[in-house]
Amino acid sequence: MKKLLVVFLVFCNLGISAQSRLKAFLENPSKTEILKLDLHRCKLKEWPSELWQCKNLEHLDLSKNDLDDIPPDIEKLQNLKVLILSKNQIQKISPSLKKLPLLIDLQLDQNPIDSLLLKEGDFPSLQILDL
């Protein structure tokens, strides 16, 4: 039996029933095997708390939602290489992002980010930063 490695939910309006299905899916023990999760345009207002248990996640797309922050728990996704948060309402870049050692692509364009403080050594693997 093949493992599910990619989850792609796009253009979904996560009403109450869809949100509960997403939560139930992310509560499934097999979620730790997911490598790519695409939840763009799902009208999310907050990060699904079950997301932090997706330990093998390498690619996460939460663009075109209504997220206004990047929670500190993002640092739990230690295998994350690509993080797409374009077109949200994010104003600050969480210091926790700097604790993602494999992050090579960070997309934050079209967010109302009010400041960006970077110093040498921050994001050592980062190759793409889209603001």
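Biologist: Which residues touch the most other members of the largest nonpolar core?
Modeller: Trp 47, Leu 60 and Ile 74 do, in a core of 29 residues. A nonpolar core here is a set of buried Ala, Val, Leu, Ile, Met, Phe, Trp, Tyr and Cys residues joined through side-chain atoms within 4.5 Å; buried means under 20% relative accessible area, exposed over 50%, and partly exposed in between (1.4 Å probe, protein chains only). This is a predicted model, with local features needing pLDDT of at least 70 and side-chain atom pairs pLDDT 80 or more, while totals for chains, interfaces and linings use all residues. Residues are numbered from 1 along each chain as its sequence is written, and side-chain values use heavy atoms, without hydrogens and water.

Biologist: Okay, what does Leu 60 touch?
Modeller: Leaving out residues up to four places away in sequence, Leu 60 touches Leu 37, Trp 47, Leu 51, Leu 77, Leu 80, Val 82, Leu 83 and Ile 84. Contact means heavy atoms within 4.5 Å.

Biologist: Switching to the backbone, what is the phi of Lys 87?
Modeller: About 55°, a positive value although Lys 87 is not a glycine.

Biologist: And where does Lys 87 lie?
Modeller: In the loop between β4 (82-84) and β5 (105-107); strands are DSSP runs of E, at least two residues, numbered from the N terminus. Lys 87 counts as partly exposed because its relative accessibility is 35%.

Biologist: How about Gln 110, buried or exposed?
Modeller: Exposed, because its relative accessible area is 55%. Gln 110 sits in the loop between β5 and β6 (128-130), and its phi is also positive, near 60°.

Note on methods. Helices (H or I, at least four residues) and strands (E, at least two) are DSSP runs, numbered from the N terminus.
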